[in-house]
Amino acid sequence: MNPLLDLDAGLVAWLNQALGRSPALDYLVYLLVSDYFVPVAMSLWLLGLWLSGASQEERERRQRGVLRAALALGFAALLVVICNHFYFRERPFVHQAVTNLLYQPTDSSFPANPAAVSLALAIGVWRAHRRSGLALLTLAFLWVLTRVMNGVYYPSDVLAGAGMGVVATIAAGLVLRVMEPIPTWLLRWARYWHLA
Amino acid sequence: MTDQPFTGDYTVLLFFAALGAIQIAAALNGLKGLLFLHHRLASLSLGAVLIAGAAAWFFVSEPRNVPDYTRGLNATQQFAGFCMGAGGASTLTALVAAMLHPSLGAGTPALPPGLDGLRDSHYPRLLWRALQRLLRRRP
(Lines give C-alpha, C1' and ligand atoms only; values in the text may rest on other atoms or scores of the structure.)
Protein backbone atom coordinates (compact mmCIF):
# COMPACT_ATOMS: atom_id res chain seq x y z
CA MET A 1 0.00 0.00 0.00
CA ASN A 2 1.05 3.56 -0.65
CA PRO A 3 1.82 5.26 2.70
CA LEU A 4 0.44 8.58 1.44
CA LEU A 5 -2.89 6.96 0.53
CA ASP A 6 -2.92 5.23 3.93
CA LEU A 7 -2.37 8.58 5.63
CA ASP A 8 -5.22 10.08 3.56
CA ALA A 9 -7.65 7.31 4.52
CA GLY A 10 -6.42 7.28 8.12
CA LEU A 11 -7.08 11.02 8.56
CA VAL A 12 -10.61 10.63 7.19
CA ALA A 13 -11.30 7.73 9.59
CA TRP A 14 -9.81 9.62 12.53
CA LEU A 15 -11.87 12.77 11.91
CA ASN A 16 -15.02 10.75 11.21
CA GLN A 17 -14.89 9.29 14.75
CA ALA A 18 -16.14 12.63 16.09
CA LEU A 19 -19.51 12.22 14.36
CA GLY A 20 -22.49 10.46 15.94
CA ARG A 21 -21.41 11.21 19.52
CA SER A 22 -23.05 14.56 20.22
CA PRO A 23 -26.28 15.76 18.55
CA ALA A 24 -25.12 19.39 18.94
CA LEU A 25 -21.80 18.75 17.18
CA ASP A 26 -23.57 16.69 14.50
CA TYR A 27 -25.99 19.54 13.77
CA LEU A 28 -23.14 22.07 13.60
CA VAL A 29 -21.31 19.79 11.18
CA TYR A 30 -24.57 19.26 9.23
CA LEU A 31 -24.71 23.05 8.70
CA LEU A 32 -21.02 23.56 7.92
CA VAL A 33 -20.72 20.63 5.51
CA SER A 34 -23.78 21.79 3.54
CA ASP A 35 -23.60 23.15 -0.02
CA TYR A 36 -25.31 26.33 1.20
CA PHE A 37 -24.21 27.52 4.66
CA VAL A 38 -20.58 28.53 4.01
CA PRO A 39 -21.12 29.73 0.40
CA VAL A 40 -24.03 31.97 1.52
CA ALA A 41 -22.00 33.30 4.48
CA MET A 42 -19.07 34.08 2.15
CA SER A 43 -21.35 35.79 -0.40
CA LEU A 44 -22.94 37.96 2.30
CA TRP A 45 -19.50 38.88 3.61
CA LEU A 46 -18.45 40.04 0.13
CA LEU A 47 -21.70 42.04 -0.18
CA GLY A 48 -20.91 43.77 3.12
CA LEU A 49 -17.29 44.36 2.05
CA TRP A 50 -18.50 46.08 -1.15
CA LEU A 51 -20.43 48.60 0.98
CA SER A 52 -17.70 49.15 3.58
CA GLY A 53 -14.77 51.55 3.86
CA ALA A 54 -14.23 54.86 5.63
CA SER A 55 -12.95 56.70 2.54
CA GLN A 56 -13.46 56.36 -1.20
CA GLU A 57 -9.86 55.08 -1.65
CA GLU A 58 -10.31 52.42 1.01
CA ARG A 59 -13.67 51.38 -0.41
CA GLU A 60 -12.24 51.15 -3.94
CA ARG A 61 -9.42 48.90 -2.71
CA ARG A 62 -11.97 46.60 -1.07
CA GLN A 63 -14.21 46.60 -4.15
CA ARG A 64 -11.24 45.65 -6.32
CA GLY A 65 -10.66 42.81 -3.86
CA VAL A 66 -14.28 41.67 -4.29
CA LEU A 67 -13.89 41.77 -8.09
CA ARG A 68 -10.63 39.78 -7.86
CA ALA A 69 -12.30 37.22 -5.56
CA ALA A 70 -15.32 36.80 -7.86
CA LEU A 71 -13.09 36.32 -10.91
CA ALA A 72 -10.83 33.92 -8.99
CA LEU A 73 -13.88 31.87 -7.98
CA GLY A 74 -14.81 31.49 -11.65
CA PHE A 75 -11.25 30.48 -12.58
CA ALA A 76 -11.04 27.98 -9.71
CA ALA A 77 -14.33 26.33 -10.71
CA LEU A 78 -13.08 26.14 -14.31
CA LEU A 79 -9.77 24.54 -13.24
CA VAL A 80 -11.64 21.89 -11.24
CA VAL A 81 -13.94 21.12 -14.19
CA ILE A 82 -10.91 20.74 -16.52
CA CYS A 83 -9.12 18.50 -14.01
CA ASN A 84 -12.24 16.36 -13.51
CA HIS A 85 -12.36 15.84 -17.27
CA PHE A 86 -8.97 14.06 -17.21
CA TYR A 87 -8.85 12.37 -13.82
CA PHE A 88 -11.43 10.61 -11.64
CA ARG A 89 -10.87 9.57 -8.06
CA GLU A 90 -13.50 7.78 -6.01
CA ARG A 91 -14.72 9.36 -2.80
CA PRO A 92 -13.56 8.08 0.61
CA PHE A 93 -17.08 6.85 1.49
CA VAL A 94 -16.83 4.36 -1.40
CA HIS A 95 -13.91 2.57 0.29
CA GLN A 96 -14.47 3.29 3.99
CA ALA A 97 -17.42 2.86 6.33
CA VAL A 98 -18.06 6.45 7.45
CA THR A 99 -20.86 8.53 8.95
CA ASN A 100 -21.83 11.04 6.26
CA LEU A 101 -24.13 13.96 7.10
CA LEU A 102 -23.97 15.41 3.58
CA TYR A 103 -24.99 13.09 0.73
CA GLN A 104 -22.98 10.91 -1.60
CA PRO A 105 -21.70 13.01 -4.53
CA THR A 106 -21.04 11.08 -7.74
CA ASP A 107 -18.36 13.33 -9.29
CA SER A 108 -14.60 13.08 -8.77
CA SER A 109 -13.12 13.55 -5.32
CA PHE A 110 -9.91 15.06 -6.74
CA PRO A 111 -9.45 18.02 -6.58
CA ALA A 112 -11.80 19.29 -3.84
CA ASN A 113 -14.05 21.91 -5.43
CA PRO A 114 -14.99 23.58 -2.08
CA ALA A 115 -11.30 24.03 -1.24
CA ALA A 116 -10.57 25.59 -4.64
CA VAL A 117 -13.47 28.06 -4.70
CA SER A 118 -13.47 29.05 -1.03
CA LEU A 119 -9.71 29.60 -0.95
CA ALA A 120 -9.91 31.60 -4.20
CA LEU A 121 -12.48 33.88 -2.54
CA ALA A 122 -10.52 34.22 0.71
CA ILE A 123 -7.15 34.95 -0.88
CA GLY A 124 -8.85 37.19 -3.44
CA VAL A 125 -9.89 39.65 -0.74
CA TRP A 126 -6.85 39.08 1.52
CA ARG A 127 -4.71 41.86 0.02
CA ALA A 128 -7.62 44.30 0.02
CA HIS A 129 -8.79 43.67 3.59
CA ARG A 130 -6.88 41.34 5.91
CA ARG A 131 -9.69 40.91 8.45
CA SER A 132 -12.13 39.82 5.75
CA GLY A 133 -9.50 37.52 4.27
CA LEU A 134 -9.01 35.92 7.67
CA ALA A 135 -12.77 35.52 8.26
CA LEU A 136 -13.23 33.92 4.84
CA LEU A 137 -10.19 31.68 5.38
CA THR A 138 -11.75 30.47 8.65
CA LEU A 139 -15.03 29.69 6.86
CA ALA A 140 -13.12 27.92 4.07
CA PHE A 141 -11.17 25.86 6.61
CA LEU A 142 -14.36 24.81 8.45
CA TRP A 143 -16.06 23.90 5.16
CA VAL A 144 -13.28 21.63 3.91
CA LEU A 145 -12.58 20.19 7.37
CA THR A 146 -16.20 19.03 7.68
CA ARG A 147 -16.11 17.66 4.11
CA VAL A 148 -13.09 15.51 5.02
CA MET A 149 -14.68 14.62 8.35
CA ASN A 150 -17.76 13.28 6.52
CA GLY A 151 -15.70 11.13 4.15
CA VAL A 152 -16.55 13.25 1.10
CA TYR A 153 -12.93 14.23 0.31
CA TYR A 154 -9.45 12.97 1.15
CA PRO A 155 -7.04 15.53 2.68
CA SER A 156 -4.89 15.31 -0.48
CA ASP A 157 -7.96 16.35 -2.57
CA VAL A 158 -8.23 19.41 -0.34
CA LEU A 159 -4.53 20.25 -0.76
CA ALA A 160 -4.84 19.99 -4.54
CA GLY A 161 -8.03 22.09 -4.50
CA ALA A 162 -6.34 24.70 -2.31
CA GLY A 163 -3.43 24.85 -4.76
CA MET A 164 -5.88 25.46 -7.58
CA GLY A 165 -7.53 28.20 -5.54
CA VAL A 166 -4.17 29.94 -5.13
CA VAL A 167 -3.37 29.60 -8.85
CA ALA A 168 -6.84 30.91 -9.73
CA THR A 169 -6.36 33.98 -7.49
CA ILE A 170 -2.97 34.77 -9.04
CA ALA A 171 -4.51 34.37 -12.52
CA ALA A 172 -7.44 36.64 -11.58
CA GLY A 173 -5.04 39.34 -10.35
CA LEU A 174 -3.04 39.16 -13.57
CA VAL A 175 -6.14 39.24 -15.77
CA LEU A 176 -7.51 42.29 -13.93
CA ARG A 177 -4.14 44.02 -14.35
CA VAL A 178 -4.02 43.21 -18.07
CA MET A 179 -7.64 44.32 -18.47
CA GLU A 180 -6.91 47.80 -17.08
CA PRO A 181 -8.45 50.34 -17.54
CA ILE A 182 -11.68 48.30 -17.89
CA PRO A 183 -12.02 47.50 -14.12
CA THR A 184 -11.35 51.19 -13.36
CA TRP A 185 -14.03 52.27 -15.87
CA LEU A 186 -16.44 49.74 -14.39
CA LEU A 187 -15.91 51.06 -10.86
CA ARG A 188 -16.12 54.68 -12.07
CA TRP A 189 -19.41 53.92 -13.86
CA ALA A 190 -20.77 52.24 -10.73
CA ARG A 191 -19.60 55.23 -8.64
CA TYR A 192 -21.44 57.62 -10.95
CA TRP A 193 -24.67 55.75 -10.22
CA HIS A 194 -23.78 55.61 -6.48
CA LEU A 195 -23.37 51.82 -6.59
CA ALA A 196 -19.67 51.73 -5.62
CA MET B 1 -42.81 17.46 -1.17
CA THR B 2 -42.02 17.49 -4.91
CA ASP B 3 -38.79 16.52 -6.65
CA GLN B 4 -38.30 20.05 -7.98
CA PRO B 5 -35.11 21.86 -6.85
CA PHE B 6 -35.67 24.24 -3.93
CA THR B 7 -34.50 27.27 -5.94
CA GLY B 8 -37.38 29.38 -4.56
CA ASP B 9 -36.47 28.62 -0.94
CA TYR B 10 -32.82 29.40 -1.64
CA THR B 11 -33.71 32.73 -3.25
CA VAL B 12 -35.90 33.62 -0.23
CA LEU B 13 -32.96 32.75 2.08
CA LEU B 14 -30.63 34.97 0.06
CA PHE B 15 -33.21 37.78 -0.11
CA PHE B 16 -33.73 38.05 3.66
CA ALA B 17 -30.11 37.32 4.54
CA ALA B 18 -28.93 40.00 2.07
CA LEU B 19 -31.46 42.46 3.57
CA GLY B 20 -29.84 41.77 6.94
CA ALA B 21 -26.28 42.01 5.62
CA ILE B 22 -27.03 45.37 3.97
CA GLN B 23 -28.54 46.71 7.22
CA ILE B 24 -25.43 45.64 9.16
CA ALA B 25 -22.97 47.02 6.57
CA ALA B 26 -24.92 50.29 6.28
CA ALA B 27 -25.06 50.71 10.07
CA LEU B 28 -21.32 50.04 10.47
CA ASN B 29 -20.40 52.46 7.66
CA GLY B 30 -22.88 55.25 8.36
CA LEU B 31 -24.83 54.80 5.09
CA LYS B 32 -28.04 56.36 6.46
CA GLY B 33 -29.71 56.22 3.07
CA LEU B 34 -29.89 52.43 3.31
CA LEU B 35 -31.07 52.13 6.91
CA PHE B 36 -34.62 51.21 7.93
CA LEU B 37 -34.07 52.39 11.51
CA HIS B 38 -32.26 55.52 12.74
CA HIS B 39 -30.61 53.87 15.72
CA ARG B 40 -27.31 52.09 14.93
CA LEU B 41 -27.70 49.28 17.47
CA ALA B 42 -31.30 48.67 16.38
CA SER B 43 -30.15 48.39 12.74
CA LEU B 44 -27.39 45.94 13.69
CA SER B 45 -29.90 43.86 15.68
CA LEU B 46 -32.43 43.91 12.84
CA GLY B 47 -29.73 42.75 10.41
CA ALA B 48 -28.64 39.92 12.70
CA VAL B 49 -32.25 38.80 13.26
CA LEU B 50 -32.95 38.80 9.50
CA ILE B 51 -29.86 36.68 8.74
CA ALA B 52 -30.37 34.26 11.63
CA GLY B 53 -34.11 33.96 10.96
CA ALA B 54 -33.63 33.28 7.24
CA ALA B 55 -30.92 30.69 7.91
CA ALA B 56 -32.97 28.98 10.66
CA TRP B 57 -36.06 28.79 8.43
CA PHE B 58 -34.06 27.46 5.47
CA PHE B 59 -32.21 24.73 7.34
CA VAL B 60 -35.01 23.65 9.71
CA SER B 61 -37.93 23.62 7.23
CA GLU B 62 -36.68 20.55 5.31
CA PRO B 63 -33.49 18.49 4.78
CA ARG B 64 -31.09 20.59 2.67
CA ASN B 65 -28.14 18.22 2.38
CA VAL B 66 -29.47 16.51 -0.74
CA PRO B 67 -27.76 16.09 -4.15
CA ASP B 68 -28.48 18.32 -7.14
CA TYR B 69 -30.04 15.43 -9.06
CA THR B 70 -32.92 15.49 -6.52
CA ARG B 71 -33.96 18.77 -4.84
CA GLY B 72 -30.50 20.22 -4.28
CA LEU B 73 -29.07 23.08 -6.35
CA ASN B 74 -26.09 23.03 -8.71
CA ALA B 75 -23.60 25.92 -8.87
CA THR B 76 -25.49 27.75 -11.66
CA GLN B 77 -28.78 27.60 -9.75
CA GLN B 78 -27.02 28.87 -6.61
CA PHE B 79 -25.48 31.76 -8.55
CA ALA B 80 -28.86 32.66 -10.08
CA GLY B 81 -30.47 32.48 -6.63
CA PHE B 82 -27.80 34.79 -5.21
CA CYS B 83 -28.26 37.35 -8.02
CA MET B 84 -32.05 37.38 -7.66
CA GLY B 85 -32.04 37.38 -3.86
CA ALA B 86 -29.29 39.95 -3.33
CA GLY B 87 -30.50 42.11 -6.25
CA GLY B 88 -34.05 42.08 -4.92
CA ALA B 89 -32.87 42.86 -1.39
CA SER B 90 -30.75 45.81 -2.60
CA THR B 91 -33.65 47.27 -4.61
CA LEU B 92 -36.15 46.82 -1.78
CA THR B 93 -33.71 48.34 0.74
CA ALA B 94 -33.25 51.45 -1.41
CA LEU B 95 -37.01 51.89 -1.88
CA VAL B 96 -38.11 51.16 1.71
CA ALA B 97 -35.37 53.36 3.23
CA ALA B 98 -36.46 56.22 0.92
CA MET B 99 -40.12 55.78 1.96
CA LEU B 100 -39.20 55.70 5.64
CA HIS B 101 -36.95 58.79 5.44
CA PRO B 102 -38.32 60.79 2.48
CA SER B 103 -36.65 64.11 3.43
CA LEU B 104 -33.12 62.67 3.77
CA GLY B 105 -30.79 64.73 1.56
CA ALA B 106 -33.52 67.17 0.45
CA GLY B 107 -31.73 70.25 1.81
CA THR B 108 -28.27 69.27 0.53
CA PRO B 109 -27.52 70.80 -2.87
CA ALA B 110 -24.26 68.92 -3.57
CA LEU B 111 -24.11 65.30 -2.51
CA PRO B 112 -20.82 63.36 -2.40
CA PRO B 113 -20.04 60.91 -5.23
CA GLY B 114 -20.32 57.13 -5.01
CA LEU B 115 -21.65 55.29 -1.97
CA ASP B 116 -20.63 58.26 0.19
CA GLY B 117 -23.76 59.97 -1.13
CA LEU B 118 -25.78 57.47 0.91
CA ARG B 119 -24.43 59.01 4.11
CA ASP B 120 -26.59 62.10 3.47
CA SER B 121 -29.35 61.01 1.10
CA HIS B 122 -31.57 58.09 0.10
CA TYR B 123 -30.87 56.23 -3.13
CA PRO B 124 -33.80 57.39 -5.35
CA ARG B 125 -32.72 61.03 -4.78
CA LEU B 126 -29.10 60.18 -5.70
CA LEU B 127 -30.30 58.32 -8.78
CA TRP B 128 -32.50 61.26 -9.82
CA ARG B 129 -29.61 63.72 -9.44
CA ALA B 130 -27.25 61.43 -11.37
CA LEU B 131 -29.81 61.29 -14.18
CA GLN B 132 -30.19 65.09 -14.15
CA ARG B 133 -26.39 65.52 -14.38
CA LEU B 134 -26.29 63.09 -17.29
CA LEU B 135 -29.09 64.93 -19.14
CA ARG B 136 -27.45 68.32 -18.52
CA ARG B 137 -24.18 67.06 -20.01
CA ARG B 138 -25.79 66.01 -23.30
CA PRO B 139 -25.72 68.64 -26.07
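Which residues are linked with Glu60(A) in a network of salt bridges? In this predicted model, the network joins Glu60(A) with Arg64(A), Glu180(A) and Arg191(A). Within this group, the side chains of Glu60(A) and Arg64(A) form a salt bridge with an N to O distance of 3.0 Å. Both residues belong to helix α4 of chain A, where they are four residues apart and therefore separated by about one helical turn. Arg64(A) is partly exposed, its relative accessible area being 24%. Pro181(A) itself is located in the loop between α8 (155-179) and α9 of chain A.

Chain A contains nine helices and zero strands. From the N terminus on, its elements follow the order α-α-α-α-α-α-α-α-α. The C-alpha trace of chain A spans about 60 × 40 × 25 Å along its principal axes. Of the 196 residues in this chain, 51% count as buried. Among the contacts of chain A that involve residues at least 6 apart in sequence, 78% are between residues at least 24 apart.

A cis peptide bond is present between Phe110(A) and Pro111(A), with omega about -10°; Pro111(A) is in the loop between α5 (92-95) and α6 (113-126). His194(A), although not a glycine, has a positive phi of about 60°. This residue lies in the segment after α9 of chain A and is buried, with a relative accessible area of 4%.

Over all chains, the structure holds 13 salt bridges. One of them is formed by the side chains of Asp107(A) and Arg91(A), at an N to O distance of 2.5 Å. Asp107(A) is in the loop between α5 and α6 and Arg91(A) in the loop between α4 and α5 of chain A, so this pair ties together parts that are 16 residues apart in sequence. The two partners fall into separate accessibility classes: Asp107(A) is partly exposed at 42%, whereas Arg91(A) is buried at 3%. In chain B, Arg64(B) forms a salt bridge with Asp9(B), and the closest N and O atoms are 3.1 Å apart. Because Arg64(B) lies in the loop between α2 and α3 of chain B and Asp9(B) in helix α1 of that chain, the pair ties together parts that are 55 residues apart in sequence. Arg64(B) is buried, with a relative accessible area of 0%, while Asp9(B) is partly exposed at 22%.

The contact between the chains takes 33 residues from chain A and 41 residues from chain B. About 3,000 Å² of area is buried between them, and carbon and sulfur atoms give 63% of this area. One salt bridge is found across the interface. Asp116(B) and Arg59(A) form a salt bridge in which the closest N and O atoms are 2.9 Å apart. Between chain A and chain B, 14 residue pairs are in polar contact. On the side of chain A that touches chain B, two or more residues come from each of α2 (23-33), α3, α4 (56-86) and α9 (182-192). The most are given by α3(A), with nine residues. By class, this side of chain A has 20 nonpolar, ten polar and three charged residues.

The largest nonpolar core has 39 residues, and those with the most contacts inside it are Tyr36(A), Leu51(A), Tyr10(B), Leu34(B), Phe58(B) and Leu118(B). At least two residues of this core are supplied by each of α3 (37-51) of chain A and α1 (7-29), α2 (40-61), α3 (75-100) and α4 (123-137) of chain B. The largest share, eleven residues, comes from α1(B). Apart from neighbours within four places in sequence, Leu34(B) is in contact with Leu51(A) of the other chain and, within chain B, with Ile22(B), Gln23(B), Ala26(B), Thr93(B), Ala97(B) and Leu118(B). Another core, of 24 residues, lies apart from the largest one and includes Val38(A), Leu121(A), Leu139(A) and Ala168(A). In soluble globular proteins, nonpolar side chains tend to be buried together.

Methods:
Residues are numbered from 1 along each chain as its sequence is written. Chains are lettered from A and ligands numbered from 1 in the order in which they are written. This is a predicted model: local features need pLDDT of at least 70, side-chain atom pairs count only at pLDDT 80 or more; totals for chains, interfaces and linings use all residues. Side-chain values use heavy atoms; hydrogens and water are left out. A nonpolar core is a set of buried Ala, Val, Leu, Ile, Met, Phe, Trp, Tyr and Cys residues joined through side-chain atoms within 4.5 Å. Buried means under 20% relative accessible area, exposed over 50%, partly exposed in between (1.4 Å probe, protein chains only). Contact means heavy atoms within 4.5 Å. Buried area is the accessible area (1.4 Å probe) that two parts lose on being put together, summed over both. A salt bridge is a side-chain nitrogen of Lys or Arg within 4 Å of a carboxyl oxygen of Asp or Glu. A polar contact is a pair of N or O atoms within 3.5 Å; within protein, one must be able to donate a hydrogen and the other to accept it, and residues adjacent in sequence count only if both atoms are side-chain atoms. Ala, Val, Leu, Ile, Met, Phe, Trp, Tyr, Cys and Pro count as nonpolar, Asp, Glu, Lys and Arg as charged, and the others, Gly among them, as polar.
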